Amino acid sequence: MSNAVERDTTSLTPAGRLDAPGFRLRVLLIEDDDGDALLVEELLADARVPTTLARVRTLAGALDGPVAVDCVLLDLQLPDAMGLTGLTRLLRHAPGTAVVVLTGQDDEATGVAAVAAGAQDYLGKGQVDGPLLGKALRYAWERKRAEQAEQQLLQQQLLASENSRLERGLLPTPLLADRHLSLAAKYRPGRNGSLLGGDFYDAIELPDGRVQLVIGDVCGHGPDEAALGVALRIAWRALVLAGLPTAEVLATVERVLVHERIRPLFATLCMVEVAPGRDSLRMSLAGHPPPLVATRDGRGHLLPGEKLGVPLGLIPDARWDPLDVALEPGWSLLLYTDGVFEGRVGDGPARLGHEKMAELLLRLLREAGPDADRGAVLDRLITRVEELNAGALDDDVALAMLTHFPEAGG
C-alpha cells in the first residue's frame, strides 16, 4: 500500500459509476497507526467493491491541496486532529467528499455524532470485516451523490425563483388601455446566462393619451446587471407616471444608474413617445439601436439614427435630442436589444446586423399577413436568427412590438 496520496487538479468529489466496466472506487485512508492501516488494506482485499487505496498519516497530509478520491476513511484519533475536529476540517476543505469515520470499539456515541456532523457513516475498529467495509464505502459514496443531486435540484429551484423575481422586475405588465394598441413582447436568455441579464422594457399609457415605451440594455450579463436593469426600469416607470418630460426622465434615470451601480456599468436605452392621435412618435436614443417601423402590409424601415446619443452612465450632463417621426395608420413599432442581431451568419465571422434583422422581420410580417399574431411573428424571428447562428444566441434578446389597429371595435 502506498503512503503517497494520489494527486489531481480536481476537488474531492465523487465521480463515475460503481457498475461501470473497470471502475474502481478511489479511497483515501487517513490513519497514523501502521497496524490499523494494514488491517484496512486486508479488509478491502476481501471486500466486494473494487477499490484503489491511498494513505496519509495526518490530516494535514490530506488537506495539502486537492485530492481526487471518491471516499475518505478518517481515523478520529490523529496526531494533528482529535475527535470531530478532523471531520469538521475535512468537510470544510472538501464538502463534496463522502466520509466514513473510524472509531474506537467502545466509542459508538462519537460515531453517531460524526454522522450528525456530516459524515456518511461510521465503523468501529475491530468490529468490521471486508464485506461490511465495502458496503459502508459503497453506501457512503451513493448517499453523498444523492445529497449532491438534491442540492443541485434545490439550487436550480432557487435559481428559477430568482429568475422569476427578476423577470417581474425587468419584464412588467404594460399599462395600456387603448383598444387600438397591442403590445407583443418576448424575452430569450442568452446561451451562457443562468440568470436573466440586464435587458428590460416597459410601456405606459398616460391619462392624456400619450403612450411611452422604453427598452434598455445594461452592459454585461449577470445578477448585478439584472438588478441594475430592474432599478432603471422601475425608476423610468415612476418618472413617466409622475409626468416628467423625456429629457428629465433620461437624466434622472442616468443618475439612478450612477448611484445604484456597484462597479462601472453603462446602459443603452431607447425611449419612444407615441402621440395621442397615434399618427406620430418622438424618439430618443441613448446609445441604443433605432426602432423598426412597419406598415400594415409589411413594408417598413429602421428609424434614422443620426441623433444617436451616448449611453447612460458614460458622460456627465449628456443630452439626448429627440427625433419626430410621422406614422401611417396600422403601423407596428419594434424595439429590440442587440442580442437579436449580434449572432453570426454561417460559419464565418460575419454578423447578422440590425439592418439584415430588420429585413428578416419585415419578410416574416409579410408572410404572416396583417392580422397575424405579432407574438408568434417575434417567436419566428428569434427562431430564424438562432438558425442563422447555428445555435442559441450568446446574449439575451428582448423584443417589444407595439401595433396600431385603427379599425378595432369598442
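In this predicted model, helix α8 meets helix α9 through M357, L360, L361, L364, L365 and A368, with R374, V377, L378, R380, L381, R384, V385 and L388 on the α9 side. Sorted by class, this contact of α8 with α9 comes to 11 nonpolar residues, no polar ones and three charged ones. As for geometry, the axes of α8 (residues 353-368) and α9 (residues 374-388) come within 10 Å and cross at roughly 135°. An angle of that size makes α8 oblique to α9. The crossing of α8 past α9 is right-handed.

Helix α6 spans residues 223-241 and helix α7 spans residues 246-260; the two pack at an angle of about 150°, and their axes are 9 Å apart. Since angles over 145 degrees count as roughly antiparallel, α6 and α7 are therefore roughly antiparallel to each other. Here, too, the handedness can be given: α6 passes α7 in a right-handed crossing. On the α6 side, the contact is made by L228, A231, L232, A235, W236, L239 and V240, while α7 brings in V249, T252, V253, V256, L257 and E260. The tally for the contact of α6 with α7 is 11 nonpolar residues, one polar and one charged.

Turning to the strands, β11 (residues 267-274) is a well-covered element, with eight of its eight residues buried. That holds for both faces of β11: A267, L269, M271 and E273 are buried on one side, and T268, C270, V272 and V274 are buried on the other. What does β11 pair with? One partner is strand β10 (residues 211-218), which runs antiparallel to β11 and is joined to it by eight bridges. Within that pairing, Q212 stands opposite E273 of β11. Another partner is strand β12 (residues 280-286), which pairs with β11 in the antiparallel sense over five bridges. In this case V272 has M283 of β12 as its bridge partner. Five residues lie between the strands in the hairpin of β11 and β12, and one of the hairpin's residues, R278, takes a positive phi near 60°.

A further set of strands makes up an open sheet. Its five members are ordered β2-β1-β3-β6-β7, and the pairing is parallel. The edges are taken by β2 (51-56) and β7 (121-124); each has a single partner strand, so one side of each is left without a neighbour in the sheet. From one strand to the next, the twist averages 20°.

Inside this sheet, strand β3 (residues 71-75) and strand β6 (residues 98-103) run parallel and are joined by five bridges. In that pairing, L73 stands opposite V100 of β6. Helices also pack on the sheet. Helix α4 (residues 108-117) touches β6 and β7, and its direction makes about 165° with that of β7. Helix α1 (residues 34-46), for its part, lies across β1 (25-30), β2 and β3, and runs at about 175° to β2.

Terms used:
Residues are numbered from 1 along each chain as its sequence is written. This is a predicted model: local features need pLDDT of at least 70, side-chain atom pairs count only at pLDDT 80 or more; totals for chains, interfaces and linings use all residues. Side-chain values use heavy atoms; hydrogens and water are left out. Axes are lines fitted to C-alpha atoms, for helices over the stretch in contact, and angles run from 0 to 180 degrees between N-to-C directions. Helices (H or I, at least four residues) and strands (E, at least two) are DSSP runs, numbered from the N terminus. Angles under 35 degrees count as roughly parallel, over 145 as roughly antiparallel, 65 to 115 as roughly perpendicular and the rest as oblique. A crossing is left-handed if the near helix is turned anticlockwise from the far one by less than a right angle, and right-handed if clockwise. Contact means heavy atoms within 4.5 Å. Ala, Val, Leu, Ile, Met, Phe, Trp, Tyr, Cys and Pro count as nonpolar, Asp, Glu, Lys and Arg as charged, and the others, Gly among them, as polar. Buried means under 20% relative accessible area, exposed over 50%, partly exposed in between (1.4 Å probe, protein chains only). Two strands pair if DSSP finds at least two bridges between them.
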